[in-house]
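Please look through the model below with attention to the ligand site, the aromatic contacts and the backbone. The report that follows takes up these topics in turn.

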Amino acid sequence: MKSSRLTVAPATAQKLARLGLVEPMDLVLHLPLRYEDETRITAIADAPYQHSVQIEGEVRQCEVRRQPRKQLRVLLADASGAVWLRFLHFYPSQEKLCAVGQRLRAVGEVRRGFQGDEMVHPKIHAVGDNDVLPEAMTPVYPTVQGLNQSTLRRLIGQALALEDLSDTLPAALRAALALPDFADAVHTLHHPPPDCAQQALALRRLPAWQRLKFDELLAQQLAMRILYRQRRHGGSPRLCGDGRLRQALLAQLPFALTAAQQRVLAEIDADLASPHPMRRLLQGDVGSGKTVVAALAALTAIEAGYQAALMAPTELLAEQHYLKLRDWLTPLGLTVAWTSGSQKKSERQAARAAMASGAAQLTVGTHALFQDDIDFARLGLAIVDEQHRFGVGQRLALSGKGGEPHQLMMSATPIPRTLAMSYYADLDVSVIDELPPGRTPIVTKLINAARRGEVMGAVAHAVAQGRQAYWVCPLIEESETLQLQTAVDTHVELQAALPGVAVGLVHGRMKSADKAAVMAAFSRNEVQLLVATTVIEVGVDVPNASLMVIEHAERMGLAQLHQLRGRVGRGAAESRCVLLFEAPLSDLAKARLKVMYDTTDGFEIARQDLQLRGPGEFLGARQSGAPMLRFADPEADQPLLDVARNWATRLLAEHPDAVDAHLRRWLSGKEQFLRA
Ligand code: ADP
Ligand code: MG
């Protein structure tokens with residue numbers, strides 16, 4: 001704790017830090033999980049079973065039993081009746097506290113025991129003569145081992161008393177909000193009055209909850225808006241091309257751009273031509289053709305005399321991009337460099353030299369490309385594929401390299417509108433909302449793994465017809481080694497089961513040259529069945545592959561399944577995706593597989609996924625580095641999010657001091673986010 005007003009022992013501070021509590025304001029915002037009602041005494045005879053109650057009485061008996069195991073048994077009686085208090089672990093001090101004749105208060109749940117009604121491990125304390133009942137409910141906080149409730153309560157109580165809780169919102173606007181003041185809201189949530197409905201508290205429906213959610217959403221909107229504004233003030237090169245290279249590429253492609261591709265390109269062009277850094281998210285479902293858009297954007301940067309870089313989340317995907325872009329750009333007289341973590345030092349040095357000298361107009365690599373110190377002669381545009389894998393942190397880190405390059409982020413995981421509005425509000429968004437013509441929809445089948453043999457038959461049949469297939473091995477989260485082993489075993493098994501079919505294997509641990517060789521053989525149809533781990537999840541593009549088999553589909557996330565399924569359905573042939581599952585399925589697993597069966601629309605899948613999983617997981621939120629939402633849920637609290645957005649606009653325009661105060665409170669210790 002940095003505050004001079006609140007002193008905390010170092011050992012305690014460490015435990016608090018494990019709860020994410022670093023600043024005193026963090027303590028203020030550390031809200032209870034639940035409450036215990038110690039504001040009233042229930043007569044023992046009236047105590048309902050299985051509800052936490054507080055009783056008060058006199059100790060009539062106190063005994064330590066050794067059978068069946070050591071325990072302390074205390075008979076507590078009031079005018080209405082008696083109940084046994086039973087402790088399986090106890091200290092001598094507790095035994096002393098429970099001396100016969102002592103008046104005690106006990107909080108716990110009464111239940112039926114062998115020797116009559118009992119409370120197991122109640123919270124007890126001795127009652128003095130002028131002991132008054134508390135007026136508010138007792139908070140129970142989320143905690144970690146070694147940090148007890150009473151310490152937390154004391155520290156939070158001190159923080160509440162010492163911190164400045166004055167309202168950050170101007171009075172004029174507060175009236176319109178019709179929500180309690182900040183100070184009232186936090187006091188209520190830490191110490192709600194007993195008449196406050198537990199239900200509403202638990203469901204976070206109380207006005208006090210609404211106020212905190214609103215403040216949090218407002219802080220997020222303000223932060224995003226400020227980031228956006230900072231960017232509009234930043235300087236970037238104006239990238240205006242003469243269209244020479246673009247036309248050459250378009251002339252060489254076997255297809256024409258879809259209307260949607262043309263539209264998003266125009267949006268990107270307008271950004272590139274402006275003197276401020278572009279931060280544009282390009283969304284388009286799997287197979288919608290984002291790569292060619294990226295290539296054309298890169299060509300504009302190159303035409304303008306700058307370099308471009310493309311980064312991808314996995315080495316396999318980066319490599320696929322590299323091969324495709326090299327094929328596209330080399331005929332135009334351009335040099336494409338490739339850099340990866342696993343390449344030879346000499347190769348990497350050569351690639352870096354080409355980037356630093358400007359000899360390479362385009363560089364492709366994994367995101368490690370941007371994490372090391374890398375010099376570009378004139379980087380004008382950075383493209384990040386599959387952005388959903390990258391957090392805001394990385395999004396910002398990029399801006400430091402080579403001045404302020406324009407950034408294009410591409411994602412096939414569509415972000416539902418509410419999430420885009422909250423988490424990605426600092427970005428501009430373009431959407432490719434149509435697939436290239438001539439695609440046949442993918443048919444999805446859910447098949448019990450017991451029928452795996454039939455599925456192998458289907459693979460043989462597809463191959464006999466000149467088609468190709470993928471066989472994806474299960475995700476084994478506990479162990480990467482186990483996952484590899486499974487892939488290797490499956491490869492051997494399928495080779496044996498499918499004589500005459502060339503079966504390839506690709507996984508994350510292979511040397512990148514070997515991986516590339518297998519992928520190239522698959523592209524040329526020298527390998528007809530590709531056994532793979534989930535490394536092929538994103539980006540891999542072999543249009544002749546029309547069958548996708550995914551084992552243990554129930555273990556995978558919907559976004560992942562959608563990505564995997566998107567590897568087929570890229571050509572004119574009818575494509576199928578077989579989701580093999582291991583019975584019995586949990587209800588959630590059933591619901592998720594049903595979503596995959598019902599639709600191939602990425603937006604719909606994302607929406608359902610969000611409903612099934614909640615926004616935190618959906619975004620891989622913890623790593624994202626953005627000020628995370630602890631209280632609000634942009635989906636459930638959408639009306640509040642809309643209000644917060646409007647308020648953000650007004651505050652920025654009319655009350656800059658309030659903006660400062662609000663962000664200081666809500667981003668305490670995280671302001672570097674705004675300066676980054
Ligand atoms: P994604 O958006 O999933 O990254 P890709 O860029 O890999 O999709 O494109 C999928 C496939 O569609 C590729 O084979 C690509 O060459 C092809 N493609 C892209 N645009 C068009 C188009 N306008 N018409 C036909 N095929 C296209
Ligand atoms: Mg792609």
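Predicted model: local features only at pLDDT ≥ 70, side-chain atom pairs only at ≥ 80, totals over all residues.

| Residue | Part of the residue | Atom of ligand 1 | Distance |
|---|---|---|---|
| G287 | backbone N or O atom | oxygen | 2.6 Å |
| K290 | side-chain N or O atom | oxygen | 2.7 Å |

Taken alone, ligand 1 exposes 570 Å², of which the protein buries 89%; accessible areas come from the Shrake-Rupley method with a 1.4 Å probe, and for residues only the protein chains shown count as cover. There are 17 residues around ligand 1, and those that come nearest are G287, K290, T291, R439 and D541, where a residue is near a molecule or strand if one of its heavy atoms lies within 4 Å of it. By class, this shell has five nonpolar, six polar and six charged residues, with Ala, Val, Leu, Ile, Met, Phe, Trp, Tyr, Cys and Pro counted as nonpolar, Asp, Glu, Lys and Arg as charged, and the others, Gly among them, as polar.

As to conventions, residues are numbered from 1 along each chain as its sequence is written, while chains are lettered from A and ligands numbered from 1 in the order in which they are written. Local features need pLDDT of at least 70 and side-chain atom pairs count only at pLDDT 80 or more, whereas totals for chains, interfaces and linings use all residues, and side-chain values use heavy atoms, with hydrogens and water left out.

The structure holds five aromatic pairs, that is, rings of Phe, Tyr and Trp (its six-membered ring) whose centres lie within 6.5 Å, with planes under 30 degrees apart counted as stacked, over 60 as edge-to-face and the rest as tilted. One of them joins F631 and W666, whose ring centres are 6.0 Å apart and whose planes stand at 85°, so the pair is edge-to-face. This pair links distant parts of the chain, 35 residues apart, with F631 in the loop between α23 (615-618) and α24 (638-654) and W666 in helix α25 (residues 656-666); helices (H or I, at least four residues) and strands (E, at least two) are DSSP runs numbered from the N terminus. F631 is buried at 7% relative accessibility, as is W666 at 6%, the classes being buried under 20% relative accessible area, exposed over 50% and partly exposed in between (1.4 Å probe, protein chains only). Ring pairs also link W209, F631 and W666 into a cluster.

Most residues other than glycine have a negative phi, and most peptide bonds are trans. The bond from A583 to P584, however, is cis, with omega near -5°, and P584 is placed in the loop between β21 (575-581) and α21 (587-598). H121, a residue other than glycine, has a positive phi near 50°; H121 lies in the loop between β6 (116-120) and β7 (123-126) and is partly exposed at 36% relative accessibility.

Notes:
Polar contact = N/O pair within 3.5 Å; in protein donor to acceptor, adjacent residues only side chain to side chain.
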